[in-house]
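Grab a pencil and work through these exercises with the model open beside you. Try each task before you read its solution.

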Amino acid sequence: MNADPPFHETFKTLLCQESVGIKPGMTGINDFDIVEECELPLIDLGRLNLEEAGEQEKCKLEIARASQEWGFFQVLNHGMSREILEKVKSEQVKVFKQPFHWKSKEEGSLNFSAGTYRWGTPTATCLRQFSWSEAFHIPMTDITTSTGSNSLSSSMEKFATIVANLAQRLAAILAEKLGRKSSFFRENCLPSTCYLRLNRYPPCPVPSQVFGLMPHTDSDFLTILHQDQVGGLQIVKDGRWFAVKPNPEALIINIGDLFQAWSNDVCKSVQHRVVTNPVAERFSTAYFFCPSFDTEIDSGCEASVYKKFSFRQYRKQIQQDVQNFGYKIGLPRFQV
């Protein structure tokens, strides 16, 4: 039984198109040009535990600076053991190696909520909008109740507990540097509102035409990512695409749209993507730090760049735009 989703059948229609073109919302460069490799800012969170107040403050300033200048950074001494990371990866591989029909069962082979398993891009109207990947997008509340794979659930729960605490800690630091109340995140970003996503990017026979994950920004406050050593993650910096060099010891943090709006554009939610590989499969695990749907996003500034909006309104607008245009527009929709 084939474990890969039926990408070729989906591509059949898209490949017949004469031109794929660049759609609004993407960068104006050739998306498949060779890009330089870069190392994201690397921050040792162990300094936050030092008694020297000066070291703590320097670490916090580095986090704030990276959030403002890059929108992405890496952290060491994050509290996640190599053992947990390796266990999540091994369990993840086992699940994705199951036959496609098993993974895509409507009733949910892992006792997750309906719609947890996703692949490709159903709304794509051209190859540049298609993502050659599959994923389990899992509400945190599903992880503790899943009985389909005890080993998988156990490893995911350990991973999620650590990154959830890390997200709260980082959000509080950024709030402090913005002069905002950190209690906002403790009150609004709860286990019931956050998600874990297991990603797999199968080898792709047309890597020059198809993304593993199309260019986008994340719609949450923060995303915490662990990627394997295959590479493929790329980000925009100063109008150019850069390939992120994998670091096996680090977790990657990126700012999402909600944090950019909440910070009144001080922190940056930047475009990123995953490129495909013709021979190697890639795995990653991501945690999305989200508020409840009713949470209001307000910069608290008189000269606010954005109108007040709820997370529910934001998600609804994104879904409408993707349905109508094939891609997300995001924050520009909510500018004053």
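**Exercise 1. Find which residues of helix α1 are buried, and on which side they sit.**

Start with the helix itself: α1 spans residues 7–14, and its buried residues are Phe7, Phe11 and Leu14. Buried here means under 20% relative accessible area, exposed means over 50%, and partly exposed is in between (1.4 Å probe, protein chains only). Helices (H or I, at least four residues) and strands (E, at least two) are DSSP runs, numbered from the N terminus.

Next, look around the axis: the three cover an arc of only 50°, so they are on the same side of α1. That arc is taken from the directions from the helix axis to the C-beta atoms.

Finally, ask what covers the buried residues: β4 (117–119) is included, with contact meaning heavy atoms within 4.5 Å.

A quick note on the ground rules. This is a predicted model, so local features need pLDDT of at least 70 and side-chain atom pairs pLDDT 80 or more, while totals for chains, interfaces and linings use all residues. Residues are numbered from 1 along each chain as its sequence is written, and side-chain values use heavy atoms, leaving out hydrogens and water.

**Exercise 2. Classify the ring pairs Phe185 with Phe259 and Tyr314 with Phe334.**

First, the rule: rings of Phe, Tyr and Trp (its six-membered ring) pair if their centres lie within 6.5 Å; planes under 30 degrees apart are stacked, over 60 edge-to-face, and the rest tilted. Applying it gives 22 aromatic pairs.

Take Phe185 and Phe259: centres 5.4 Å apart, planes at 20°, so this pair is stacked. Phe185 belongs to helix α7 (residues 183–188) and Phe259 to helix α8 (residues 257–262), so the pair links distant parts of the chain, 74 residues apart. Both Phe185 and Phe259 are buried.

Then try Tyr314 and Phe334: with centres 5.3 Å apart and planes at 50°, the pair is tilted. Tyr314 is in helix α9 (residues 311–325) and Phe334 in the segment after α9, so parts 20 residues apart in sequence are tied together. Both Tyr314 and Phe334 are buried.

**Exercise 3. Which rings have the charged ends of Arg180 and Lys237 over them?**

Check the cut-offs: NZ of Lys or CZ of Arg must be within 6 Å of the ring centre and within 35 degrees of the ring normal. Arg180 sits over Trp262, 4.1 Å from the ring centre. Lys237 sits over Trp70, 5.0 Å from the ring centre.
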